[in-house]
Amino acid sequence: MDINLDNYLEQTATELPAALEWVEQQTHLKTNHARMLAGPVLGRMLITFSKMIKPQKVLEIGTFTGYSAICLAQGLAKGGTLDALEKDHRWLDLIAEGFSRAGLSNVISLHIGDATETLEQFSNNSFDLVYIDANKREYCKYYELVLPLVKPGGFIIADNVLWSGKILLDPLPKDAQTQEIARFNKMVKEDRRTENFILPLRDGLNIIQKL
Ligand SMILES: C[S@@+](CC[C@H](N)C(=O)[O-])C[C@H]1O[C@@H](n2cnc3c(N)ncnc32)[C@H](O)[C@@H]1O
């Protein structure tokens with residue numbers, strides 16, 4: 001995305017919870033992967049979506065250091081909960097401290113392990129909102145696993161579905177991520193169980209509603 005547009009969107013939006021700035025700083029200090037963070041613009045969008053949906057139960061696949069989970073939890077209905085799935089245990093302390101600073105320790109349950117295995121623990125039709133942001137080579141698998149877990153009328157939001165614009169190239173690049181994301185977007189479009197639209201915010205969000 002145009003850097004000036006990004007700055008403008010950030011400057012003209014409501015300020016984010018202070019805990020997010022702390023998570024962002026610590027992620028830069030303690031990991032080499034800060035580019036994976038949702039960041040302020042996408043973060044504000046996720047807060048807005050969550051506040052629009054007012055979910056009772058949220059599921060996140062791919063938590064990293066907790067930035068997007070804190071955003072998604074902002075719109076939870078009273079008594080609502082969020083299950084955060086992350087396979088990398090290295091960020092555990094950072095995630096826990098961030099959730100605590102955001103006042104969300106009792107609201108978010110972190111599940112460390114491969115999401116495809118963790119998902120087996122969850123029962124049918126319970127989530128109002130699912131955010132997919134883990135391994136781009138597994139998006140179709142996540143989708144098939146989570147769709148039965150979403151309530152009718154509930155939403156799945158999948159990040160990075162424009163993959164830095166690579167998805168628009170002709171011929172399509174042969175790398176595994178681009179191929180899988182293209183397969184995912186086609187599969188969602190053709191799925192009669194859902195309706196969807198790709199929002200071209202940052203790296204692209206596929207907004208999918210279960211019918
Ligand atoms: C792009 S980052 C997530 C960023 C986070 N949602 C945010 O906005 O701050 C992707 C994360 O997914 C995790 N991941 C990748 N494959 C996974 C899997 N199969 N199960 C659980 N987590 C996975 C990675 O370890 C990484 O932390």
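This is a predicted model: local features need pLDDT of at least 70, side-chain atom pairs count only at pLDDT 80 or more; totals for chains, interfaces and linings use all residues.
Biologist: Which elements each supply at least two residues of the shell around the ligand?

Modeller: Helix H4 (67-73), strand S2 (81-86) and H6 each supply at least two residues of that shell. For such a shell, a residue is near a molecule if its C-beta atom, placed from the backbone, lies within 6 Å of it. Here 19 residues surround the ligand, and the closest are Ala38, Gly62, Tyr67, Ser68 and Ala115.

Biologist: How does the shell around the ligand divide by class?

Modeller: The classes are set by residue type: Ala, Val, Leu, Ile, Met, Phe, Trp, Tyr, Cys and Pro count as nonpolar, Asp, Glu, Lys and Arg as charged, and the others, Gly among them, as polar. By that scheme the shell has eight nonpolar, five polar and six charged residues.

Biologist: How should I read the packing of H7 and H8, and at what angle do they pack?

Modeller: Two packed helices are described by the angle between their axes and the distance between the axes. The axes are lines fitted to C-alpha atoms, for helices over the stretch in contact, and angles run from 0 to 180 degrees between N-to-C directions. Helix H7 (residues 139-146) and helix H8 (residues 176-190) pack at about 35 degrees, with axes 8 Å apart. On the H7 side the contact is made by Tyr139, Cys140 and Tyr143, and on the H8 side by Glu180, Ile181, Arg183, Phe184, Met187 and Val188; two residues are in contact if their C-beta atoms, placed from the backbone, lie within 7 Å. Of the residues in this contact, seven are nonpolar, none is polar and two are charged.

Biologist: Which residues of H8 are buried, and which exposed residues lie on the face turned away from them?

Modeller: Burial is a neighbour count: a residue is buried if 20 or more other C-beta atoms lie within 10 Å of its own, exposed if 12 or fewer, and partly exposed in between, with C-beta atoms placed from the backbone. In H8, Ile181, Phe184, Asn185 and Val188 are buried. Seen down the axis, these buried residues fall within an arc of 95 degrees, so they line one face of H8, the arc being that of the directions from the helix axis to the C-beta atoms. Ala176, Arg183, Lys186 and Glu190 are the exposed residues on the face turned away from the buried side of H8. What covers the buried residues of H8 includes H7, strand S6 (194-199) and strand S7 (205-210).

Biologist: Why is Phe184 counted as buried, and with which residues is Phe184 in contact?

Modeller: Phe184 is buried because 22 other C-beta atoms lie within 10 Å. Leaving aside neighbours within four places in sequence, Phe184 is in contact with Tyr139, Cys140, Tyr143 and Val161.

Biologist: Where are the buried residues of H7 placed around the axis?

Modeller: The buried residues of H7 are Tyr139, Tyr142, Tyr143 and Val146. They cover an arc of only 100 degrees around the axis, which puts them on the same side of H7. Their cover includes strand S1 (57-61), helix H6 (115-118), strand S4 (127-132), strand S5 (150-159) and H8.

Biologist: What span should helix H2 have?

Modeller: The expected span of a helix is 1.5 Å times one less than its number of residues. The 13 residues of H2 (residues 18-30) should span 18 Å, and the end C-alpha atoms are 19 Å apart, which agrees. The buried residues of H2, namely Leu20, Val23, Glu24, Gln26 and Thr27, pack against helix H3 (39-53), H4 and H5.

Definitions and conventions. Residues are numbered from 1 along each chain as its sequence is written. Helices (H or I, at least four residues) and strands (E, at least two) are DSSP runs, numbered from the N terminus.
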